[in-house]
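Trainee: Could we go through this protein together, one question at a time?

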Amino acid sequence: MKALVVGYGSMGRRRIRLLKKIMSDVEIISVDANPARLEQARAANLTAYSNLDDAIAERPDFAFVSTSPAAHADIALSLAKAGINLFTELNLIDKNYDEITAAAKANGSVAFMSSTMLYDKRIQTIADAIKTAAPPPLTYIFHVGQYLPDWHPWESYKDFFVSQKLTNAIREIYVVQLPWIIELFGEITDVHAIGQKCTTLELDYPDAAISTFKHANGNIGVFTCDVASRAASTSLEVINENIHLFWYGHNDDLFLYDIEHKKMTQLKAYETVEHVEGYADNIIEDRYVDEIKNYLDVIYKGAEPKYSFEKDKRTLEICDKIEEMIF
């Protein structure tokens, strides 16, 4: 079995590491135009190319597109036209979506869109609690923040794609989080947003934003995100008269208020979690494993993916509306 991973940055290396855990006999082919990363891939005993066409000529069984988002579309389209099953990381822009899905369909291959948070069992546990205890309408308050230089401490934030306005860090936070927000709270029908600069970072976009959402089923919510928080922060509160739920982003800090006994009860999604040093401690590997498994099941077992290019189009439309208000 051959797997192609395009991009040997942090996400490409993560996909390779986890894929080897899932499929011990998989042969990895890597592509990266950066000479230093190409040498790193070869030093890791991978077959590595600087040119995508050379890698496609190896006829991999499936591929991961893990380059910076602005490059995803052209790579994904080339793979789809070659009839190769493809997985793309978050794109942040919807370039070539229709062409990619049409080419994959015409060539009998899978075009799989990543949305890793949908595979997080903590999110699934929150969804179950809401369905059990709290029919709409309800409200929620959500915050995600981390100081941008801490996202990839091994490199300058200026060399990271999130420093660019087109693929900016605030947009990435929204694109990561909105799919599960929509899944749990309903289709977003109305959005308002404001933004501002809170840091001295050399960014040409606001580094903090507050959005309010109205959902089709009557739910309403506030979503605050920033790249200014010096302590990496995730916090969620879900409220109506039947539920009061709190989550602070980890596996051991998800709590549901027991209304009858007037005390907090802990909800545990994972018995243990895997974390890689260098990332914030609320970023766990388990959800990435489950996402890769779903991708493989879609290819080989005809399973349904949790996310799609069509759904991502809607997510990006909401992001575009937010940016029109905050830029």
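This is a predicted model: local features need pLDDT of at least 70, side-chain atom pairs count only at pLDDT 80 or more; totals for chains, interfaces and linings use all residues.

Mentor: Residues are numbered from 1 along each chain as its sequence is written, and side-chain values use heavy atoms, with hydrogens and water left out.

Trainee: How many helices and strands does the protein have?
Mentor: Count DSSP runs from the N terminus: helices are H or I with at least four residues, strands are E with at least two. The total is nine helices and 14 strands.

Trainee: What is the radius of gyration of the protein?
Mentor: The value is taken over C-alpha atoms, and the globule rule is 2.2 Å times the number of residues to the power 0.38. For 327 residues, that rule puts a compact globule near 20 Å. The protein agrees, because its own radius of gyration is 20 Å.

Trainee: What percentage of the residues count as buried?
Mentor: Buried means under 20% relative accessible area, exposed means over 50%, and partly exposed lies in between (1.4 Å probe, protein chains only). Of the 327 residues, the buried share is 54%.

Trainee: Are helix 6 and helix 7 roughly parallel or roughly perpendicular?
Mentor: Axes are lines fitted to C-alpha atoms, for helices over the stretch in contact, and angles run from 0 to 180 degrees between N-to-C directions. Helix 6 (residues 121-133) and helix 7 (residues 169-185) pack at about 20 degrees, with axes 10 Å apart. Angles under 35 degrees count as roughly parallel, over 145 as roughly antiparallel, 65 to 115 as roughly perpendicular and the rest as oblique. Helix 6 and helix 7 are therefore roughly parallel.

Trainee: Which residues of helix 7 meet helix 6?
Mentor: Contact means heavy atoms within 4.5 Å. From helix 6 come Ile 123, Ile 126, Ala 127 and Ile 130. Their partners in helix 7 are Trp 180, Leu 184 and Phe 185.

Trainee: How is helix 1 placed against helix 8, roughly parallel or roughly perpendicular?
Mentor: Helix 1 (residues 10-22) packs on helix 8 (residues 286-301) at about 70 degrees, and the axes are 10 Å apart. That makes the two helices roughly perpendicular.

Trainee: Is Asn 96 buried or exposed?
Mentor: Asn 96 sits in the loop between strand 5 (85-88) and helix 5 (97-106). Its phi is positive, near 65 degrees. Its relative accessibility is 17%, so Asn 96 counts as buried.

Trainee: And Lys 262, buried or exposed?
Mentor: Lys 262 lies in the loop between strand 13 (254-258) and strand 14 (263-266). Phi is positive here too, near 55 degrees. With a relative accessible area of 62%, Lys 262 is exposed.

Trainee: Which residues does Ala 76 touch, leaving out those up to four places away in sequence?
Mentor: Ala 76 lies in helix 4 (residues 72-81). Ala 76 is buried, at 1% relative accessible area. The residues touched are Val 65, Leu 86 and Ile 100.
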